[in-house]
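This report describes one protein chain for a reader who is new to structural analysis. Please keep the sequence and the model in view while reading.

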Amino acid sequence: MIVILFSLSLTLNYPCFTQECWVYRKSNTSNQLFAVFFPDSMNGAVVGRNGTILRTSNGGSTWSTKSSSHPSALLSDVEFSDGNNGIIVGGEDDTSGFSHGIILRTTDGGNNWTSQTVTRALLAV
């Protein structure tokens with residue numbers, strides 16, 4: 001009984017836990033997308049296949065493409081510690097699997113990314 005009342009309490013206080021609050025937005029890419037992170041309600045990033053990095057500064061209403069300098073990379077995760085500092089990880093995608101890992105770092109909110117390669121693909125930050 002406590003669990004049910006707790007659930008009802010959450011539903012009444014936070015009505016956006018249901019799918020009714022989701023809004024469809026076009027990403028303007030045909031590449032597969034694997035991870036999304038919003039350090040605040042307006043700024044966010046999405047990463048995916050073929051080195052895809054998308055950024056938004058208006059809560060996801062529109063998305064802009066940012067260069068990763070790794071067009072064959074599978075970028076698997078993204079995270080920001082604040083509005084400026086972020087990390088993306090993944091691996092270089094080739095015919096035999098991942099040949100090496102990639103770490104991308106930004107200090108300017110995702111406008112520019114510096115790259116570092118590592119010996120193994122990274123799947124999560």
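The sections below go from the whole chain to its sheet, its core and a few single residues.

## Basis of the report

The model is predicted; local features need pLDDT of at least 70, side-chain atom pairs count only at pLDDT 80 or more, and totals for chains, interfaces and linings use all residues. Residues are numbered from 1 along each chain as its sequence is written, and side-chain values use heavy atoms, with hydrogens and water left out.

## The chain as a whole

The chain contains 1 helix and 8 strands. Helices (H or I, at least four residues) and strands (E, at least two) are DSSP runs, numbered from the N terminus. Starting at the N terminus, the order of elements is α-β-β-β-β-β-β-β-β.

The chain has 125 residues, and 29% of them count as buried. Buried means under 20% relative accessible area, exposed means over 50%, and partly exposed lies in between (1.4 Å probe, protein chains only). The accessible surface is about 8,100 Å², and carbon and sulfur atoms account for 55% of this surface. Such areas come from the Shrake-Rupley method with a 1.4 Å probe; for residues, only the protein chains shown count as cover. Among contacts with a separation of 6 or more, 35% link residues 24 or more positions apart; contact means heavy atoms within 4.5 Å.

## The open sheet

An open sheet is formed by 4 strands in the order β1-β2-β3-β4, with antiparallel pairing. Strands β1 and β4 (64-66) stand at the edges with a single partner strand each, so one side of each has no neighbour in the sheet. On average, neighbouring strands of this sheet are turned by 25° against each other, direction ignored. Axes for such angles are lines fitted to C-alpha atoms, for helices over the stretch in contact, and angles run from 0 to 180 degrees between N-to-C directions.

Two strands pair if DSSP finds at least two bridges between them. Strand β3 (residues 53-56) is joined to β4 by 3 bridges, and the two run antiparallel. Leu-54 stands opposite Thr-65 in β4.

Phe-34 belongs to strand β1 (residues 33-37) and is partly exposed, with a relative accessible area of 38%. Val-47 is 13 residues away from Phe-34 in sequence, and their C-alpha atoms are 6.0 Å apart.

## The nonpolar core

A nonpolar core is a set of buried Ala, Val, Leu, Ile, Met, Phe, Trp, Tyr and Cys residues joined through side-chain atoms within 4.5 Å. The largest one has 12 residues, including Ala-35, Val-47, Leu-75 and Trp-113. Strands β2, β5 (73-80) and β7 (97-106) each give two or more residues to this core. The largest share, 4 residues, comes from β5.

Beyond its neighbours within four places in sequence, Ala-35 is in contact with residues that include Ala-45, Val-47 and Val-78.

## Residues in loops

Thr-52 lies in the loop between β2 (44-48) and β3. Is Thr-52 buried or exposed? Thr-52 counts as buried because its relative accessibility is 6%. Its side chain makes a polar contact of 2.8 Å with that of Asn-31. A polar contact is a pair of N or O atoms within 3.5 Å; within protein, one must be able to donate a hydrogen and the other to accept it, and residues adjacent in sequence count only if both atoms are side-chain atoms.

Most residues other than glycine have a negative phi. Asn-50, in the loop between β2 and β3, has a positive phi of about 60° although it is not a glycine. Ser-69, in the loop between β4 and β5, also has a positive phi, near 65°.
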